[in-house]
Amino acid sequence: MAVHTSSAAEAAAPTTRERILSEALNLFAQSGYGGASMRELARRVGIRESSLYNHFPGKAAILEAIVAEHGPASSASRLEEARYRQLARQPAAFCRQFALDLVEQWSDPREHQFQKVITAERNRVPGIRAKFADHFYAREQSLMTDYFRGFALAGLVSTPDPRETARLFAAGLIYIRLEHYVMGAAPSPRAKVIEAIDRYLAFFLSLIAAGHDDDNKKRKPKGETRGKAAPD
């Protein structure tokens with residue numbers, strides 16, 4: 001039994017690479033990328049400085065690895081998981097699951113550190129801005145668009161443009177994050193954030209509900225002409 005417990009503990013322990021990235025995120029957030037040294041990072045991890053290079057060729061590679069595991073990269077990875085694929089015909093459940101996962105991500109102190117680092121360093125480190133914006137945001141947006149396109153093709157939502165619908169969905173969530181996690185003196189209580197999420201989801205889903213366009217046509221006032229300005 002003791003051997004089994006020891007083996008389980010060892011399996012759950014973070015790898016050296018994971019420890020390097022965790023300590024690097026702390027160090028970059030505290031000292032800035034430019035002010036952080038490989039020597040100090042090695043000291044924090046508890047290994048020799050030369051050993052760092054067995055895992056990463058340099059400091060820029062460590063920052064790239066951090067970017068690859070946080071922010072939009074982590075959101076994109078979630079969208080490829082089986083639990084999301086199972087919601088490919090459930091738009092309401094999909095939107096709520098994605099929003100709730102974002103709340104968990106926003107509440108993670110590591111995410112706060114990551115946002116601090118990427119905001120400060122994305123214009124200073126060659127390639128990081130392009131990798132962060134073009135690769136990771138593009139991947140997340142492409143996957144999100146695919147979901148909404150699938151919903152539309154299955155007749156589950158009504159939208160003339162799945163890409164813009166995906167962007168609209170994300171934009172509302174970003175605003176909630178700004179309001180409850182960024183702009184205030186302290187993050188809002190979780191219950192208040194969930195209330196804001198539920199209110200937004202109800203509104204957003206009503207906008208893209210299947211048959212929404214037909215309902216609008218039925219309610220159009222008599223005499224209204226599509227594409228023509230109303231008389232003065």
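Visitor: What is the relative accessible area of Arg96?
Guide: Arg96 has 33% and is partly exposed. Keep in mind that this is a predicted model. The label follows because partly exposed covers the range between buried, under 20%, and exposed, over 50%.

Visitor: Which residue forms a salt bridge with Arg96?
Guide: To spot a salt bridge, look for a side-chain nitrogen of Lys or Arg within 4 Å of a carboxyl oxygen of Asp or Glu. Here the partner is Asp198, with the closest N and O atoms 2.2 Å apart. Arg96 sits in helix α8 and Asp198 in helix α12 (residues 190-207), so this pair ties together parts 102 residues apart in sequence. Asp198 is partly exposed too, at 33%.

Visitor: How many salt bridges does a search of the whole structure find?
Guide: The search finds 12. Another of them joins the side chains of Asp101 and Arg83, at 2.9 Å from N to O. That pair links distant parts of the chain, 18 residues apart: Asp101 is in helix α8 (residues 91-106) and Arg83 in helix α7 (residues 82-85).

Visitor: Is Asp101 buried or exposed?
Guide: Asp101 counts as buried, at 12% relative accessibility. Arg83 is partly exposed, at 35%.

Visitor: Where do Glu40 and Arg43 lie?
Guide: Both are in helix α3 (residues 38-45), 3 residues apart, or about one turn of the helix. Arg43 is exposed at 57%, while Glu40 is partly exposed at 22%.

Key:
Residues numbered from 1 in each chain as written. Predicted model: local features only at pLDDT ≥ 70, side-chain atom pairs only at ≥ 80, totals over all residues. Heavy atoms only, no water. Helix = DSSP H or I, 4+ residues; strand = E, 2+ residues; numbered from the N terminus. Buried < 20%, exposed > 50% of the residue type's maximum accessible area, 1.4 Å probe, protein only.
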